[in-house]
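Student: I have a model open and want to work through its packing. Where do we start?

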Amino acid sequence: MSDGSQPVLEVEGLVKHFTIGRGVANSGRVVHAVDGVSFSIAPGEVLGLVGESGSGKTTVGYCVNRLYEPTAGTIRLDGADITHLSRRGLRPHRRRMHIVFQDPYSSLNPRMTCGQIVGEPIRLHGLARRSALEGRVVELFDSVGLRPELRFRYPHELSGGQRQRVGLARALSVNPSLLIADEPVSALDVSVQASVLNLMRDLRSELGFSCLFISHDLATVEYLCDRVAVMYLGKIVEVAPREELFARPKHPYTQALLSAALEPDPDLQRTRSRVVLEGDIPSPIEPPSGCRFRTRCPLEHESAPRSTDEEPPLVDVTGRGHLVACHLVRRGSEAPRLVEPSPELAGAPDR
Ligand SMILES: Nc1ncnc2c1ncn2[C@@H]1O[C@H](COP(=O)(O)OP(=O)(O)O)[C@@H](O)[C@H]1O
Ligand SMILES: [Mg+2]
């Protein structure tokens with residue numbers, strides 16, 4: 001079990017490549033979905049993983065949960081190396097991590113009642129006697145705001161929001177130390193997204209689990225996460241505590257993402273200049289050499305000739321856990337400014 005100092009999750013140099021098109025003309029092409037990603041999650045911490053669609057977020061989540069076999073790297077859960085454990089070897093670790101999938105329509109077994117779905121992990125891990133199981137399931141339904149009689153219904157009889165609550169109750173049924181939530185609200189109607197996010201926030205403060213929270217939506221991440229990692233084309237380009245990242249983004253990609261996100265306060269919106277990225281995210285089959293962001297980077301590259309042949313390492317530029325992978329952001333220096341800070345942050349020291 002984790003004590004206060006040991007991370008719940010440690011991911012080091014994670015690589016996941018997919019070989020596609022076997023047996024056809026373009027056989028053996030390799031998708032560099034995740035290409036050397038490292039991060040850790042402390043007990044009780046929620047780490048947000050954000051980035052555009054196709055940046056490799058789900059692949060990271062699936063590797064951590066061992067739904068995918070990592071190509072290289074190490075995954076440690078509560079200090080135990082689970083990177084290449086067999087199904088059998090993984091079994092004792094399974095109850096310590098659970099995943100909530102993006103799509104509540106396809107991720108719940110349609111042949112089981114919602115009560116059976118929620119109770120199944122408890123049963124599989126032998127965590128409650130038969131007589132106590134029903135009571136525990138009712139308790140779990142209550143904790144995710146579902147009426148207990150819904151446990152006799154099948155997933156198709158529930159709304160999307162209710163189904164995602166069932167998914168959450170199932171994931172939390174065995175008190176995992178790590179919850180992996182892969183875009184848990186993006187398949188839901190906007191009107192129910194907020195209530196499910198509120199629920200996650202409440203459950204998190206009540207139960208204190210750690211969470212890898214995957215989302216393409218910055219507002220969601222800002223609402224829920226303690227720290228944020230930004231992914232671009234299979235790499236993490238920036239990591240920082242939430243407030244630091246949103247107030248002083250340093251990587252030009254993060255700055256572009258932030259400026260593209262809708263700013264709900266029109267006064268703040270006026271003070272921000274927009275950074276619009278040109279073009280699409282390049283193919284992960286042939287990612288750009290050197291800095292992967294260089295083909296879309298709005299910064300001047302004459303001052304960074306290394307960007308074509310040298311990958312920028314992810315380094316702590318503040319000495320306080322603000323990591324950036326950019327040739328143009330140097331330790332201790334101001335980030336090249338693309339986004340004007342909002343007025344109340346303008347005078348804040350960058351240290
Ligand atoms: N099973 C797979 N086989 C081949 N390519 C895959 C597979 N899963 C994901 N990819 C590719 O890997 C890249 C990252 O995908 P994904 O992790 O789903 O990104 P995200 O979750 O950030 O949208 C994409 O280019 C995607 O097409
Ligand atoms: Mg995804």
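Tutor: Start with a definition: two residues are in contact if their C-beta atoms, placed from the backbone, lie within 7 Å. Keep in mind that this is a predicted model.

Student: How are helix 3 and helix 5 oriented to each other, roughly parallel or roughly antiparallel?

Tutor: Helix 3 spans residues 114-124 and helix 5 spans residues 160-172. Their axes come within 7 Å and cross at roughly 25°. Angles under 35 degrees count as roughly parallel. Therefore helix 3 and helix 5 are roughly parallel.

Student: Which residues make that contact, and which hand does the crossing have?

Tutor: Helix 3 brings Cys-114, Ile-117, Val-118 and Pro-121, while helix 5 brings Val-166, Ala-169 and Arg-170. Six of these are nonpolar, none is polar and one is charged. The crossing of helix 3 past helix 5 is right-handed.

Student: Which residues touch the most other members of the largest nonpolar core?

Tutor: Nonpolar side chains tend to be buried together in soluble globular proteins. Here the largest nonpolar core has 82 residues. Beyond four places in sequence, Val-230 has contacts including Val-50, Ile-236 and Leu-257. The residues touching the most other members are Leu-178, Leu-212, Phe-213 and Val-230.

Notes. Residues are numbered from 1 along each chain as its sequence is written. Chains are lettered from A and ligands numbered from 1 in the order in which they are written. This is a predicted model: local features need pLDDT of at least 70, side-chain atom pairs count only at pLDDT 80 or more; totals for chains, interfaces and linings use all residues. Axes are lines fitted to C-alpha atoms, for helices over the stretch in contact, and angles run from 0 to 180 degrees between N-to-C directions. Helices (H or I, at least four residues) and strands (E, at least two) are DSSP runs, numbered from the N terminus. Angles under 35 degrees count as roughly parallel, over 145 as roughly antiparallel, 65 to 115 as roughly perpendicular and the rest as oblique. A crossing is left-handed if the near helix is turned anticlockwise from the far one by less than a right angle, and right-handed if clockwise. Ala, Val, Leu, Ile, Met, Phe, Trp, Tyr, Cys and Pro count as nonpolar, Asp, Glu, Lys and Arg as charged, and the others, Gly among them, as polar. A nonpolar core is a set of buried Ala, Val, Leu, Ile, Met, Phe, Trp, Tyr and Cys residues joined through C-beta atoms within 7 Å. A residue is buried if 20 or more other C-beta atoms lie within 10 Å of its own, exposed if 12 or fewer, and partly exposed in between; C-beta atoms are placed from the backbone.
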